[in-house]
Amino acid sequence: MSQNDMKSRVAAGMFWKLLENGGAQGVQFVIAIILARLLTPAEYGVVGIITIFITIANTFVQSGFSTALIQRRGADETDFSSVCYFELAVAAAMYGMLYLAAPSIEAFYGIAELGQIVRTLAVVLFPGAVISVQTAWVSRNMEFRGLFFSTLAASLISGTVSIGMAYEGFGAWAMVWQQISYYLSLMLVLFVTVSWRPKRRFSARRLLEMFAFGWRLLCASLLDTVFNNLYGLLIGKIYNEELLGSYNRGEQFPKLIASNLGAAIQAVLLPAFSAEQESLERLRSMMRRAIRVSSFLVLPMLLGLFAVADTLVLALLGEKWMICVPFLRIMCISYCFWPIHITNLQAVNAVGRSDIFLTLEVVKKLLSVLALVIGMRFSVYIMVGLKAFQDFLCTFVNAAPNRRLLGYRIREQWMDVMPSLFLSVLMCGAVMALGAWMPVASAWLKLVLQILCGALVYMLLAWLCRMESFFYLLDMVKERLRG
């Protein structure tokens, strides 16, 4: 494939993936706002506890095979079908473990109905196993257009179910059935919009070949999942479910931005990087472009969110959720480092070095343990603040291998990030100054004015400074509109 063809496929893939994430998550964002006004922080916290256990179990289900399917040269129908059946078998095993562990989880946290919620919500493991293979097919073949319509439909269906249940007074169960209906509808709609179907084929030999690559990713993903959710588990146990609900809600907004753009970047970069793994020069060039563009998009959104945090929570969620503002601002800083994390890790995966990937995760988790042990001695806010500082240190860890593999040093990476970071900090200061000065009674009006101010200031600064990423994205949008 020529470089122009690859560039066109990456641009098209990124366009549809961003549209998919933005459309689906936009719908889910509106639904979350409505649910937040109907439910309490404590009810959010109850489901938050269970979601942690489901997320960890789902890591075992996917077993690193999704990435192996994308990275594997010549992956065919036998590979995809074998992985699908294997992951369904693992899902059944994990469901059985959660079903048996449910009473113990309920007793540990001392929350009524927790066991019943575990047994019900764990059903999502089965459609989740199929979806992981479907999305691997989408990423490998860059069929992101079908994924866009599927996730949008699933978000609308699950949102209707959850809002109706919350309005009728079902409490935490409204969020439980939101997730169940989302996974089931997404799997079913993907069967309509995506060309892959499981075939009556199975090869244990193929699974073992992919597992040789994927087992390290499984261990790395498991480490990452456990440690990312460890804060929620400890907050729910040491403090209470209300504070956990506030932490989860505060994390949701920056995570929405970082995970949407990050998932789009990740889904498109791995197949693109993998296709160029024989040409390190082209791979390094694509990696630099990815860091510059993702930083240009992610940083202003997160620092803008930092600036409007109090106004946004008051306008969207109401006074009862103001406790989540400190968490929101701390997590905005934490997620600012995602462009460097994701791009470096995808480059390592693309060249087939899952051994390095696992080593990086072990080193980062040792740093996480240190930050967590220190933070627990003080307060929940210091604990979360040290998590953000640890995420900054981990940029150096993730970038270290690519100095040797691709000749792309961390100093060069930060130099590529700094222009966007500098403009974002200036924009953040302008928005916060406007918020402090503006005597507006309506929180909604103040929020709209602050957002408009931030967008105008950032785009004006990008234009005045002749930011290359700004004009690159502008040209890409024009090309898509003409197409």
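Analyst: Before we start, one term: two residues are in contact when they have heavy atoms within 4.5 Å of each other. Please also keep in mind that this is a predicted model.

User: Okay. With that in mind, which residues is Gly-407 in contact with, leaving aside its neighbours within four places in sequence?

Analyst: Once those neighbours are set aside, Gly-407 is in contact with Arg-284, Asn-402 and Glu-412. As for Arg-284, its C-alpha is 7.7 Å from the C-alpha of Gly-407, although the two residues are 123 residues apart in sequence.

User: Where is the place of Gly-407?

Analyst: Gly-407 sits in the loop that runs between α16 (380-405) and α17 (410-437).

User: Zooming out, how many helices and strands does the protein have?

Analyst: The protein has 19 helices and zero strands. Of its 483 residues, 54% are buried.

User: And what share of the contacts with a separation of 6 or more comes from residues 24 or more positions apart?

Analyst: Among the contacts with a separation of 6 or more, 83% are between residues 24 or more positions apart.

User: Let's look at some helix pairs. At what angle do α6 and α8 pack?

Analyst: Helix α6 (residues 125-141) and helix α8 (residues 172-193) pack at about 40 degrees, and their axes are 9 Å apart. An angle from 35 to 65 degrees falls between roughly parallel and roughly perpendicular, so α6 and α8 count as oblique to each other. The crossing of α6 past α8 is left-handed.

User: Which residues meet there?

Analyst: On the α6 side they are Pro-127, Gly-128, Val-130, Ile-131 and Gln-134, and on the α8 side they are Tyr-183, Leu-184, Leu-186, Met-187, Leu-190 and Phe-191. Sorted by type, the residues of this contact are nine nonpolar and two polar, with no charged ones.

User: What about α12 and α13, how do their axes cross?

Analyst: The axes of helix α12 (residues 309-316) and helix α13 (residues 325-335) come within 9 Å and cross at roughly 130 degrees. That angle lies between 115 and 145 degrees, so α12 and α13 are also described as oblique to each other. Their crossing is right-handed.

User: Which residues make that contact?

Analyst: Helix α12 contributes Ala-309, Asp-310 and Val-313, while α13 contributes Val-325, Leu-328 and Arg-329. Four of the residues in this contact are nonpolar and two are charged, and none is polar.

User: How many residues of α12 are buried?

Analyst: Six of the eight residues in α12 are buried, so the helix is mostly covered. They are Ala-309, Thr-311, Leu-312, Val-313, Ala-315 and Leu-316. After α12 comes Gly-318, which has a positive phi near 100 degrees.

User: Staying around α13, is Ser-334 buried or exposed?

Analyst: Ser-334, which lies in helix α13, has a relative accessible area of 1%, and because this is under 20%, Ser-334 is buried. Leaving aside its neighbours within four places in sequence, Ser-334 is in contact with Lys-387, Ala-388 and Asp-391.

User: And Phe-306, where is its place?

Analyst: Phe-306 belongs to helix α11 (residues 280-307), and its relative accessible area of 21% makes it partly exposed. Phe-306 and Leu-328 are 22 residues apart in sequence, with their C-alpha atoms 7.4 Å apart in space. Apart from its neighbours within four places in sequence, Phe-306 is in contact with Arg-329, Cys-332, Ile-333, Cys-428 and Met-432.

User: Is Cys-336 buried or exposed?

Analyst: Cys-336 counts as buried, at 12% relative accessibility. Another cysteine, Cys-394, counts as buried at 2% relative accessibility.

User: Last one: what is phi of Arg-466 near?

Analyst: Phi of Arg-466 is near 55 degrees, which is a positive value in a residue other than glycine. Arg-466 lies in the loop between α18 (443-464) and α19 (468-482), and with a relative accessible area of 53%, Arg-466 is exposed.

Terms used:
Residues numbered from 1 in each chain as written. Predicted model: local features only at pLDDT ≥ 70, side-chain atom pairs only at ≥ 80, totals over all residues. Heavy atoms only, no water. Helix = DSSP H or I, 4+ residues; strand = E, 2+ residues; numbered from the N terminus. Axes fitted to C-alpha atoms, helices over the stretch in contact; angles between N-to-C directions. Left-handed = near helix turned anticlockwise from the far one by under 90°. Nonpolar A, V, L, I, M, F, W, Y, C, P; charged D, E, K, R; others polar. Buried < 20%, exposed > 50% of the residue type's maximum accessible area, 1.4 Å probe, protein only.
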